[in-house]
Amino acid sequence: MAAIDNTLVAGSTAKARTRDTVGRWLTAGAVANTLMAGTYVAFSAVVMPWLGTKSDADFVTTMQDINTGIENPLFFAVFTAAMAAPAVAAWKLRKLGGGTAMKWALAALALYTTTVLTTSGINVPLNQMLAHAGSADPTKTRTDFETTWNIWNGIRAALSTIAAYASVKAVRLHRRNRV
């Protein structure tokens, strides 16, 4: 009888640890997605409108500097965590029976993955074009860069904001459904 009781307690403890781990992954995903949404929104609402008031040469030079500066370990850690954390959480939620929290984590993952594809397929190539343009013809460089980059950054801002919402929703559902 004592062995059976210990087995039940051990199983309950393991399940509680798994739930706690899932909660940490969901929270990490919510924080990372919110930080990425904030980054994209800040560019759309503040940085790019401010740069839009600058001369072509100043626009190109400043944007080249920003693109160099943003490539740092902290940015890449958050950029990666916004996709990895919801994926790990959803995988672990599957072991707990899935549920609505898992669906919201998967929604966050899908939305943020779309921003990663947009970033790597559109914004990064534009950034590379800008970097390689140097300062030869700032008017042409700006024309080739600015409008397209702004449109797609706006799309990233919207998608990552919705991903942040989905991540927070997953956290709340997971916490609400604690046993």
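This is a short tour of a predicted model, with a list of what to select at each stop.

**Stop 1: the nonpolar core**

Select Val22, Leu26, Ala30, Ala89, Ala90, Leu93, Ala101, Met102, Ala105, Ala170, Val171 and Leu173. These 12 residues form the largest nonpolar core. Now colour by helix. At least two residues of this core come from each of α1 (2-52), α3 (73-95), α4 (100-133) and α5 (138-176).

Centre on Val171. Beyond its neighbours within four places in sequence, Val171 contacts Leu26, Thr27 and Ala30. A separate core of 11 residues lies apart from the largest one; Met36, Phe75, Ala157 and Ala163 are among its members.

**Stop 2: Thr119**

Move to Thr119, in helix α4. Is Thr119 buried or exposed? Its relative accessible area is 8%, so Thr119 is buried. Show the residues around Thr119. Setting aside those up to four places away in sequence, Thr119 touches Tyr40, Phe79, Val124, Pro125 and Arg156. Pick out Arg156: its side chain makes a polar contact of 3.0 Å with the side chain of Thr119.

**Stop 3: helix α2**

Select residues 56-70, which make up helix α2.

Next, show the side chains of α2. Phe59, Val60, Met63, Gln64 and Asn67 are buried. These residues sit on the same side of α2, because they cover an arc of only 125° around the axis. Turn to the other side of α2 and find Asp65 and Thr68, both exposed.

**Stop 4: the salt bridges**

How many salt bridges are there to find? The count is 3.

Start with Asp56 and Arg142. Their side chains meet in a salt bridge, 3.1 Å from N to O. Asp56 belongs to helix α2 and Arg142 to helix α5, so this pair ties together parts 86 residues apart in sequence. Asp56 is partly exposed, at 25% relative accessible area. Arg142 counts as buried, at 8%.

Shared partners join Asp56, Arg142 and Glu146 into one network.

Finish with Lys140 and Asp144. Their salt bridge has its closest N and O atoms 2.6 Å apart. Both lie in helix α5, 4 residues apart. Lys140 is partly exposed, at 48%, and Asp144 is partly exposed, at 36%.

Notes: Residues numbered from 1 in each chain as written. Predicted model: local features only at pLDDT ≥ 70, side-chain atom pairs only at ≥ 80, totals over all residues. Heavy atoms only, no water. Core = buried A, V, L, I, M, F, W, Y, C linked by side-chain atoms within 4.5 Å. Buried < 20%, exposed > 50% of the residue type's maximum accessible area, 1.4 Å probe, protein only. Contact = heavy atoms within 4.5 Å. Polar contact = N/O pair within 3.5 Å; in protein donor to acceptor, adjacent residues only side chain to side chain. Expected span 1.5 Å × (residues − 1). Arc of directions from axis to C-beta. Salt bridge = Lys/Arg side-chain N within 4 Å of Asp/Glu carboxyl O.
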